[in-house]
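Open the structure in your viewer and keep the selection tool ready. This short tour says what to pick next and what is there.

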Amino acid sequence: MENTQQNNNQALEPGQAAAKAAILTECDRLAAAGVTFVAAHFDGYGDDGTTEEVKCYSSDWYASGEHEPVKYDGSHLQEHFEALVPFGYENDCGGFGDVVLDVAARKLAVERNDRFEDYTTTTYEV
């Protein structure tokens, strides 16, 4: 089941709003360097998680693991991207996803995938 949402109607926390603003101010510099997307992948399970380093891409579209990153040092954006990683993604079965900046559109998107456990029950007489 896929739940897509175009806009998050919840207001950002002050730290998240500041992180978003800091990231968006870098768009001109990134575009001048030929960067089209910037992304940070996160993954967690069992109350533990990690956010990978920020990577920059010069592709027409972004999908995690689909393109090789370009050699552009985006480490100064790491803390800002981490501020936008969704709270609680590492709990229980965990979750994974990406925080992605579309440089040309000047838009940030968070894709979060939650893992869950399921079971089926069969009862029969013998």
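A residue counts as buried under 20% relative accessible area, exposed over 50%, and partly exposed in between. Keep in mind that this is a predicted model.

**Stop one: Phe96.** Select Phe96, which lies in strand 4. Is Phe96 buried, exposed or partly exposed? Its relative accessible area is 30%, so Phe96 is partly exposed.

Now show what surrounds Phe96. Leave out residues up to four places away in sequence, and Phe96 touches His41, Phe42, Asp43, Glu111, Arg112, Asn113 and Arg115. Pick Phe42 from that list. Phe42 and Phe96 are 54 residues apart in sequence. In space, their C-alpha atoms are 5.3 Å apart.

**Stop two: Asp92.** Go to the loop between helix 3 (78-83) and strand 4 (95-102). Select Asp92 there. Look at the backbone: phi of Asp92 is positive, about 55°, although Asp92 is not a glycine. The relative accessible area of Asp92 is 64%, so this residue is exposed.

**Stop three: Asp47.** Find strand 1 (37-45) and strand 2 (48-51), then select Asp47 in the loop between them. Asp47 has 56% relative accessibility, and the cut-off for exposed is over 50%, so Asp47 counts as exposed.

**Last view.** Show Asp47 and Asp92 together. Asp47 is exposed, and so is Asp92.

How values were computed
Residues numbered from 1 in each chain as written. Predicted model: local features only at pLDDT ≥ 70, side-chain atom pairs only at ≥ 80, totals over all residues. Heavy atoms only, no water. Helix = DSSP H or I, 4+ residues; strand = E, 2+ residues; numbered from the N terminus. Buried < 20%, exposed > 50% of the residue type's maximum accessible area, 1.4 Å probe, protein only. Contact = heavy atoms within 4.5 Å.
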